[in-house]
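Have the model open beside the sequence. The paragraphs below walk through salt bridges, cores, pockets and a few backbone details.

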Amino acid sequence: MSHDAHGHDADDNIFKIGINMTIACLLSGAIIAGVYAFTAPVAANSRIELKNNAMKAVVSDAQEFTPIAGKTDWYLAKKDGKTVAYVVPAETKGYGGAIKMVLSVTPDGKVMDYKILQHNETPGLGDKAGEPKFSKQFVGKAAEALEVVKVPTDKNIQALTGATITSRAVTKGIKEAVEEVVAYAAANK
């Protein structure tokens with residue numbers, strides 16, 4: 001057997017491997033593109049439905065939600081053609097990372113309700129920030145009353161036991177959003 005024959009076989013094998021890998025990459029890419037094309041509209045509809053459900057959860061008596069021009073993800077919640085609330089997003093940094101919320105604020109700048117959409121807070125401690133026992137403290141409060149305290153009170157927000165950082169983060173995020181709504185409402189009377 002000559003040395004050239006072994007070199008020629010080795011070149012053929014490398015060429016075949018290259019062709020096979022190229023075909024495998026093209027097929028994989030086509031499959032991924034096909035799956036994405038099929039699932040992207042479903043995922044988009046799912047996101048819209050989740051957002052609508054979250055808005056409805058914080059303003060249950062609203063009949064329609066109208067986007068506010070110039071403000072990303074801000075909506076006017078209307079009932080019988082009258083604005084009953086602003087629905088706005090809020091994001092803050094908690095103990096475990098970003099806490100994303102949606103909240104409703106009355107036209108006169110008081111918290112109606114909020115819903116935590118995403119968080120990485122400690123299970124059993126920080127994740128209680130979304131429970132009614134904590135969230136009901138915010139209802140009807142203006143920005144100046146949104147301060148975390150450790151003693152029981154009805155004027156401020158009492159911190160969750162073992163989750164002071166989360167309590168402060170949620171309160172800070174809501175307070176900033178309320179202040180933004182108040183400033184927007186005053187500028188657009």
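What separates Lys172 and Glu176 in helix H3? About one helical turn, because Lys172 and Glu176 are four residues apart in helix H3. Helices here are DSSP runs of H or I with at least four residues, strands are runs of E with at least two, and both are numbered from the N terminus.

A word on the source. This is a predicted model, in which local features need pLDDT of at least 70 and side-chain atom pairs count only at pLDDT 80 or more, while totals for chains, interfaces and linings use all residues. Residues are numbered from 1 along each chain as its sequence is written, and side-chain values use heavy atoms, with hydrogens and water left out.

Start with the charges. Lys172 and Glu176 form a salt bridge, with their closest N and O atoms 3.1 Å apart. The term means a side-chain nitrogen of Lys or Arg within 4 Å of a carboxyl oxygen of Asp or Glu. Lys172 is partly exposed at 47% relative accessible area, and Glu176 is partly exposed at 36%. The classes are simple: buried is under 20% relative accessible area, exposed is over 50%, and partly exposed lies in between (1.4 Å probe, protein chains only).

How many salt bridges does a search of the whole structure find? The search finds three. Another of them joins Glu180 to Lys71, with the closest N and O atoms 3.8 Å apart. Glu180 sits in helix H3 and Lys71 in the loop between S1 and S2, so this pair ties together parts that are 109 residues apart in sequence. Both ends are partly exposed: Glu180 has a relative accessible area of 42%, and Lys71 has 27%.

Lys51 and Asp73 form a salt bridge too, at 3.2 Å between the closest N and O atoms. This pair links distant parts of the chain, 22 residues apart: Lys51 is in helix H1, and Asp73 is in the loop between strand S1 (64–67) and strand S2 (75–79). Lys51 is partly exposed at 33%, as is Asp73 at 37%.

Stay with Asp73 for its backbone. Its phi is near 60°, a positive value in a residue other than glycine. Asp80 also has a positive phi, near 55°. Asp80 is found in the loop between S2 and S3. At 62% relative accessibility, Asp80 counts as exposed.

Now go inside. The largest nonpolar core has 29 residues, of which Leu103, Tyr114, Phe138, Val170 and Ile174 touch the most other members. Such a core is a set of buried Ala, Val, Leu, Ile, Met, Phe, Trp, Tyr and Cys residues joined through side-chain atoms within 4.5 Å. S3, S4, S5 and helix H3 (164–187) each give two or more residues to this core. H3 gives the most, with eight. Take Ile174: leaving aside neighbours within four places in sequence, Ile174 is in contact (heavy atoms within 4.5 Å) with Met101, Leu103, Val111, Tyr114, Phe138 and Leu146. Apart from this core lies another, of 10 residues, among them Met55, Val58, Val59 and Val102.

Is Lys141 buried or exposed? Lys141 is buried, with a relative accessible area of 11%. This lysine lies in the loop between helix H2 (132–135) and strand S6 (148–149). Beyond four places in sequence, the residues Lys141 touches include Val111, Leu146, Asp154 and Ile157.

Finally, the open spaces. The largest pocket has a volume of about 350 Å³. Of its 17 lining residues, Lys51, Ala54, Met101, Val102 and Leu117 are closest to its centre. On a 1 Å grid over the protein atoms alone, a pocket is an open set of points where a 1.4 Å probe fits, with protein on both sides within 12 Å along at least five of seven lines; lining residues have an atom within 4 Å of a point. Volume is the space filled by probe spheres set on the points, which are joined across faces, edges and corners. H1 gives the most to this lining, with six residues. By class, the lining has 10 nonpolar, one polar and six charged residues.

The second largest pocket has a volume of about 230 Å³. Its lining includes Gly124, Leu125, Phe134 and Thr161.

Notes:
Nonpolar A, V, L, I, M, F, W, Y, C, P; charged D, E, K, R; others polar.
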